[in-house]
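Biologist: I would like to learn how to read a structure like this one. Please take me through it, feature by feature.

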Amino acid sequence: MQNKNIRNFSIIAHIDHGKSTIADRLIEYTGTLTKREMEAQVLDNMDLERERGITIKAQTVRLDYKGKDGQLYQLNLIDTPGHVDFTYEVSRSLAACEGALLVVDAAQGVEAQTLANVYMALENDLEIVPVINKIDLPSADPDRVKEEIENTIGLDTSNAVLASAKSGIGIEEILDSIVDYIPAPEGDENAPLQALIFDSFFDSYKGVIAHVRVKQGHIKKGMKLKMMATGKTFEVTDVGCFKPQPVDVGHLDVGEVGFVAGSLKDVRDVQVGDTITFADNPAAEPLPGYRGVTPMVYCGLYPVDSSDYDNLKDALEKMQINDAALVFEPETSVALGFGFRCGFLGLLHMDVIQERLEREYNLKLITTAPSVIYHVFKTDGTKVDVSNPSDLPPQTEIEHIEEPYVKATVIVPNDFVGAVMEISQDKRGEFKTMDYLDENRVMITYHIPLNEIIFDYFDRLKSATRGYASLDYELADYQESKLVKVDILLNGDPVDALSTIVHKDRAAGRGRQLASKLKEIIPQQMFEIPIQAAIGSKVIARENVRARRKDVLAKCYGGDISRKRKLLEKQKEGKKRMKAVGSVEVPQEAFMAILKID
Amino acid sequence: MDAKQWGVYVHIPFCRQKCFYCDFPSFAGRERYWEDYTGALCREIAVRGSYYRQLWGRPATIYLGGGTPSVLPAKLMAQLLTKLRQVFLADDKAEEFTVECNPGTVDEAYLAMLWEQGVNRLSFGVQSFDDELLRRIGRIHSGQQAAEAVEMAKKAGFTNLSLDLMYGLPGQTLAQLQASVKQALALSPKHISIYGLQLEEGTAFYRMQELGKLNLPEDEVAEAMYDYMTEYLPSQGYERYEISNFAQPGFASRHNLSYWQDVPYLGLGAAAHSYLDGQRWAALADLDHYMEAIRENRIPVEPEEPATAAIAMEEFCFLALRTARGISREKFRQKFGRELDDLYGTVMKELFAKKLLADDGRCIFLTSQGMKYGNLVFEKFLLDEQDF
């Protein structure tokens, strides 16, 4: 295909603003799939993604479209992951495009998430085509939304397409706008290969399959290629495009988007952002913007049943095959036994992995409270990175600790500015900027510890703003903080998995809240269970779970044994969610209690 | 031929008024059903009853429970008892033939009729002798009436009498409970059952608790009541032969024990449960459905969970553990061809260590602490798949 007839684009949208529906309509309209072949939402094909309305893995699809001028165009839609945890992946997907559709809900307007991605697209010099979706909603106000886009992003909206993907309005106009406004790719067909990897997945027949955008040169079956960052070489066994299933067409030319496979076994050899080039005649430079995966949030994952350790290990290994961002290493806890310290891009990533482990591998897991990575500077001049509170050196050996801060961007209706400020202040945030997007909506930025974000910041924002707040954050820097470790003792014994690192000024409060939350969560047992929160040897809070006085089954009418049996089964099922820590049965959710205190 | 030990349970799903704590299958205000239901029941007795009578011979025990069996008018009750005698006993007597009675529903004539019909044991739902408390839990009788009913029963010829008492009731004090226990003993029954109040979904008390309007005694007070009864009753000659049941020597309820000792029983009537050839069955609980099935000559029961070996072993154990004697290793071996200790060795060791379970070499049984935390012990006898 000639470059001038290729368009590479992605769709930027907030959750629920209709990205998947628009993608579906484009696929349908161009005849890439017939209606019958379509699942309800072709591009979000993981169950979990569909349930949560988010995209975790990027998807790509090539659409063949006959334009108004009668020429045939190749439109490559690169669907980007839609969550704050996957910012880097989004940036690489955007780097594979020349343009993007900015889809904004005609009733709701611009959200923080959208804005962050638009800025990223602008940084990548993308041409943006605004699409105002859901214009047939009674509450739609396209003019206000256009104005908002012009005010906040400075985009000209005179060419904005008014659409309703659900009702099929404006689909042809969107396709024509893509052809008219998004530039064709440029590049030298004969230069040494530079292909940008923007995603990868594992296929049990073909090995790792890389999603790529050819920036320079071309790829053919049988070529010997090399990953510039990881150095891995391979021979191309399959190369083609997605429709949306992979179709082997034997080559990818300059400007095109598709996939490459070459019996690669390890997803870590195929890093998002890396550049593929010729093994023998490599490009002088890799494409800009590559960076290794850096987990932001860590937690411990332990099997409830210790005999499941190997199963958990297998499951994590399998999961890692398809997820280069997941890292893990064995870890031992006095309370929980053998498990793994796992690193994630963010809280959602953590949630998704944990849920998939439980659902797809049928594992019962205990997750410890998430933690960030602290830089601990010791008095002996050394520095250690601590992601598990129980690994924090004794206070006497610590010179100082630094914790990661993020730049958090919140967009809310102006009625809620006070609430946002109050919560952010309470979360140790430092106010940075406040801008009016239009007369009603405000964008506020804070410099705030990541640790506070992962502790219920967004939950509190949402409930204080009746769900109107949208949040985006990116890592800013590390700063020194007065941090201490709060330990929890059950029945007099410290439980390492319940330790948490908190700011010194809040330690006493947190300790009290945590102890009282644990009192709610830990069920009565045959003996009384004292719960204590302590900093070092100083007890800062104390609670008691009273002993269960008796537990006898009542009368059994007329030999109804099944009912007794069901009761016992339910009771036993409940116990399966508990971990014996010393002599105390502790429910799974206790280890996440720190996240649930208010 | 009396080849096999088995029992018959007959369910009467009617009450004058539903007690506030009760979630058993029983209905108040269904007087219009009484006659047809009795007719349907008699038919089921004639069909299903006769079949098992021929197969297994005379049942050792017959038990009419509810609901309130004694709510049935004398004429219907006599019709039912006649049918039961005809089918199951011929001219013989049952070893134990019990009818549950509400003290507010019986008079001398009624009790005399029961005695005439071959009933030889009565179980009175007394619950308490405190009138205020009785009213508060939805009972229709007074303490005085309960005492009178017992005296009338004796006069009618009954010697084998049982009284039910409840503890942990809203507003109940330890002193009140002690007084009720003493009043019960003054009537010198042969058998006493004690039940702690449990809040069951769908009951009036459950709703009241949700609304925060149920003034339940503190856990410690309910425990003191339990401790009092489990110590005091044995000291007065009532042996605790099962978690909730106490009897003078020789008066343990054979029918009650059969539930725990793996004895088969045939349940007749709506919502009745049967245990036949190792399979558990439940009868249709809806009265109309039940009567319709009988009218159409359909068997009114449905199998419960299929009886796998694992389920059979689990139930054998957690049911036997309710009795003072516990699980007999020999009986387990005979029935399942496996060693109890092979299957449950680890669990038993843990429970011995916690002093919830004891071992006399032949049987394992609950300690008094174990009876107090029975559920925790029973649960341990549910098997996991990997246990096989």
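Biologist: Through how many residues does a hairpin join E24(A) to E25(A)?

Modeller: Some ground rules come before that. This is a predicted model: local features need pLDDT of at least 70, side-chain atom pairs count only at pLDDT 80 or more, and totals for chains, interfaces and linings use all residues. Residues are numbered from 1 along each chain as its sequence is written, while chains are lettered from A and ligands numbered from 1 in the order in which they are written. Helices (H or I, at least four residues) and strands (E, at least two) are DSSP runs, numbered from the N terminus. Now the hairpin: four residues link E24(A) to E25(A).

Biologist: How do strands E24 and E25 of chain A pair?

Modeller: Two strands pair if DSSP finds at least two bridges between them. Strand E24 (residues 430–436) of chain A and E25(A) run antiparallel, over six bridges. In E25(A), A:Val442 is the bridge partner of A:Tyr436. E25 (residues 441–449) of chain A also pairs with strand E23 (residues 398–413) of chain A, antiparallel, over nine bridges. There, A:Val412 has A:Val442 as its bridge partner.

Biologist: Which residues touch the most other members of the largest nonpolar core?

Modeller: A nonpolar core is a set of buried Ala, Val, Leu, Ile, Met, Phe, Trp, Tyr and Cys residues joined through C-beta atoms within 7 Å. A residue is buried if 20 or more other C-beta atoms lie within 10 Å of its own, exposed if 12 or fewer, and partly exposed in between; C-beta atoms are placed from the backbone. The largest core has 164 residues, and A:Ala100, A:Leu101, A:Leu102, A:Val131 and A:Val410 touch the most other members. E23(A) gives the most to this core, with seven residues. Another core, of 87 residues, lies apart from it, with B:Cys15 and B:Leu268 among them.

Biologist: Is A:His17 buried or exposed?

Modeller: A:His17 is buried, because 29 other C-beta atoms lie within 10 Å. The residue sits in the loop between strand E1 (6–13) and helix H1 (19–29) of chain A. Two residues are in contact if their C-beta atoms, placed from the backbone, lie within 7 Å. Setting aside neighbours within four places in sequence, A:His17 contacts A:Val103, A:Val104, A:Asp105 and A:Asn133. A:Asn133 is in strand E5 (residues 127–133) of chain A. A:Asn133 is buried too, with 31 C-beta neighbours inside 10 Å.

Biologist: Which residues does a cis peptide bond join in chain A?

Modeller: Most residues other than glycine have a negative phi, and most peptide bonds are trans. Here a cis bond joins A:Lys243 and A:Pro244, with omega about -15°. A:Pro244 is in the loop between strand E12 (238–242) and strand E13 (246–248) of chain A. In chain B, a cis bond joins B:Gly66 and B:Gly67, with omega about 20°.

Biologist: What is phi of B:Gln127 near?

Modeller: Phi of B:Gln127 is near 70°, a positive value in a residue other than glycine. B:Gln127 lies in strand E6 (residues 121–127) of chain B.
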